[in-house]
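We will go from stop to stop, with a note on what to look for at each one.

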Amino acid sequence: MRADRSRLPRIGPDPAFAFPEIVRHTLGNGLQVRTVEHTTVPVVTFVLLVDGGAAGDPRGREGLAAITADMVDEGTGGLTAIDVSDALARLGAVYDADVGADATTFMLMTLSRFAARGATLLADLVTRPALTEPDFSRVRQLRLDRLKQMKDLAPAVAERTFLRLMYGDHPYGHLAIGTADAVGATSRDEVEAFHRRTFRPRAATLVVAGAHTHAELLDIADRAFGAWPDEGGETPLPHAPIGNGARPGARIVIVPREGAAQSEMRIGHLAVARNTPSYHALLVMNAVLGGQFVSRVNMKLREEKGYTYGARTGFDWRRGIAPFYLQASVHTAATADAVRDSLAELDAIRGSRPASSEELELAKASLTRGYPRNFETAQQVARSVAQLALYGLPDTYFEEFVPTVHAVTVDEVSRVAQQYIDPARATTLVVGDHAAVSDPLGALGLGLPQVVPP
Amino acid sequence: MPFSTRVACFVLAASVAAVSLTPVQAAVRPPKLPYQITTLPNGLRVILSEDHSTPIVNVQLWYHVGSKNERPGRTGFAHLFEHMMFKGSKNMEPEAHTSIVSSIGGRANAYTTEDTTVFWQTFPAHYLPMVLWMEADRMATLRVEDESFRREREVVKEERRMRVENQPYGRLQEIILDHSFTVHPYKHPTIGSMADLEAASIEDVREFHRTFYVPENATLTIVGDFEPAQALQMVTQYFGRVPKAARPVPRDIPREPPMTQERRAVVEEAWPLPAVVVAYHITYDGHPDSYPLHITAKILSDGQSARIPRELIYNKRLALSAFGSGNLIEDPNLFYAVAIVQPGKTVKEAEAALIAEFEKLKTEGVTEQELQRAQNQFARDYMLSRETNEEKAMHLAHAAVIHNDITTADGEFDIFMNTKVSDVQRVARTYFNASNRIVLHIMPKGGTR
């Protein structure tokens, strides 16, 4: 047969995408359980979403939710921290805890034949952690040392400073790890109190996905978590609302890092909450602007200019108003040029160079045809279902995703760009060599750069 | 190890495992990966593995060339070349590859290691012909333009600045390798040096493609939702006419002579806290000793209750983080342990504690429980690292390219499960000796902050 590599082969139509069935249950203690059968590999994944994250940290105790989550696997009942680690290892389990702004997620994944033992261990850890003083002081010290190390980590400095610039002293204005002062001031009793008021079955959702039937998965969940008492803590207060039109004090901010090889850059402003009806249009818009390798921002900063290894844009989604951001780490000498080019791209998509129909098609194709890839493993499936609980989305959400994205029009993309992307009220943050970047940044016409410590 | 009443009761309820926490692994042997392997007349090796559970396919093209094939003065070249493979071929515009894969909802990327350069894409199953077409086009022909080469070199320099120079501890691996090797190219990091990247020329690019990007140096692996006979026919159609190489692929890589006495060094870096490294030269991936070495890494380092974190972080509080791992790759490399020293403690204390862990492996060995635990962790990793098509393809290709024996993609499971405590002690005695040891103290410039 002749090999013809000069013409792309012809391709058939896209197959439809189906998400496995999600079955909802409520245990006697009020715990929401969602089960999903996922049979490709003999493993089972438990994801427990606890309603309460870093935004629940009291003022002056930033980092409390994260220390509490960290303390969960430091012992339970008669098990010491080392025993817990050993028990997890013997089950061949993977465990992790993740503290987000709005919720804390615990994940345990184990081989199917250890499913019941894994569930019981997770329940023991989360509902009855030992929270001893020696463990607390060790964990707190490790966190204080990590906070010290983070000062030398440019991306971490940028993340922390960016949140502070976006939210000020709003509960969203700090990283989950908190600050050295707040962590240093935190006591074991405060951890216990936080655990008592936040970790309650009525304020949690358990997702179980694995190679068992719905009935078996529910039974495993019920045996492990059914006895978790609902001791009626307070319902957390909703956060104070925050407007998305706030204009920060400074347009351009530098965190000095002497001799840095690159500038870590963030440009952004508050935009919109995750449950916005414009979510899908925003995803498509972002895919054109900076959500993927072939998007405008990366094509400009990396492919055309060679300033960076990669640049992207996105939304740091939350239940409340989330920020839109552009991020890149760029060569020190190219910092001001990269900022100018980035702001120009943010401006262009709003009007002078709106998304073309070709760009729109590429963005939609990439989002929709790639969608099944997000659900290959039981862990991916379980974590996705937990997201539904976090943002109050319907169980049909995944199946509706592809048609909803296909329905987004060029006009909608322009509208959401105009409504939610605004370089005029964006703050530009540069973590980099102050002596080298200050003058060129000052010459951009965004006012004098304000200098803030790491 | 003391046992909690709660968990003990629970374990007793599940009586089988309770009595003998030891031989649980015997029960489950995960299903074998199905595959067929063929070699086209031009030397291209093809591995096919059907899996219809998700309507997607992963294609990986492994070229058996990495940073260990680089010539002196051209470190970083294999990786720089990997970037050039996205700059267009005879029938493809620059960056069209990424943009086409994106337009079909796929993901495409590439990576370079010491031993291999891998190009992969995951995409909806019905696009298989298109992806094969694109991969074949850039194997057969490469578009090399001076301007795109210069720009890409800047991108790679930014990659180095981001990953290595702008990160605390970013140069850790580079420092360890530089002090551990004298002649083997493992001395140099895959990302290369700035000076060598700057010196690379467009003629180097052409020569590299001619020498290493040839069918007999490549292994194509396809895993996912497809029909094998049809796939093989497409592979033959698109790759079959890529010509054989004009000359054999060079394999003249210098061997590292054995060490005769311990090497020590103190270096300064702009890092916030001091670090200690204890490294030993070991064997290559696939050598019978490599399996007990993998197990050793788990016993030393996987989880808070593993030996190194338990002693250095939990019990003695000497380190902020501490770990040990075996870098088991195609040629003999290193087993090393690192501790980031806790403020108030000394590098000497941390060094002594790390060396003590290696000595204990030789004198006392490991317990059945520790071995069992490591094997369970291994069984978990084994299963969880073979869930996606991409992961399955990676294991098949790795077995074929690095071990030159595809049966190890599955056969290793049994080797790990049959490893004995005596094997762990034997390899510890073979490799963890002072005359084979490198000790590094990496101190913060200008003192601890």
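Predicted model: local features only at pLDDT ≥ 70, side-chain atom pairs only at ≥ 80, totals over all residues.

Residues are numbered from 1 along each chain as its sequence is written, chains are lettered from A and ligands numbered from 1 in the order in which they are written, and side-chain values use heavy atoms, with hydrogens and water left out.

**Stop 1: the interface.** Select chains A and B together: 82 residues of chain B are in contact with 79 residues of chain A (contact means heavy atoms within 4.5 Å). The two chains bury about 7400 Å² between them, 60% of it on carbon and sulfur atoms; buried area is the accessible area (1.4 Å probe) that two parts lose on being put together, summed over both.

Now look for charge pairs. There are 3 salt bridges between chain B and chain A, a salt bridge being a side-chain nitrogen of Lys or Arg within 4 Å of a carboxyl oxygen of Asp or Glu. Zoom in on Asp86(A) and Arg373(B), which form a salt bridge with their closest N and O atoms 2.7 Å apart. Next, colour helix 6 (residues 146–165) of chain B, which gives the most to the side of chain B that touches chain A, with 10 residues (helices, H or I, of at least four residues and strands, E, of at least two are DSSP runs, numbered from the N terminus).

**Stop 2: inside chain A.** Select Arg266(A) and Glu159(A), whose side chains meet in a salt bridge (2.7 Å, N to O). Arg266(A) lies in strand 10 (residues 262–273) and Glu159(A) in helix 5 (residues 154–167), so the pair ties together parts that are 107 residues apart in sequence. Arg266(A) is buried, at 3% relative accessible area, while Glu159(A) is partly exposed at 30% (buried is under 20%, exposed over 50%, partly exposed in between; 1.4 Å probe, protein chains only).

**Stop 3: inside chain B.** Pick Glu198(B) and Arg153(B), a salt bridge at 3.6 Å, N to O. Glu198(B) sits in helix 8 (residues 194–199) of chain B and Arg153(B) in helix 6, so this pair ties together parts 45 residues apart in sequence. Finally, select Arg160(B), Glu165(B), Arg171(B), Glu174(B) and Glu269(B), which are linked in a network of salt bridges.
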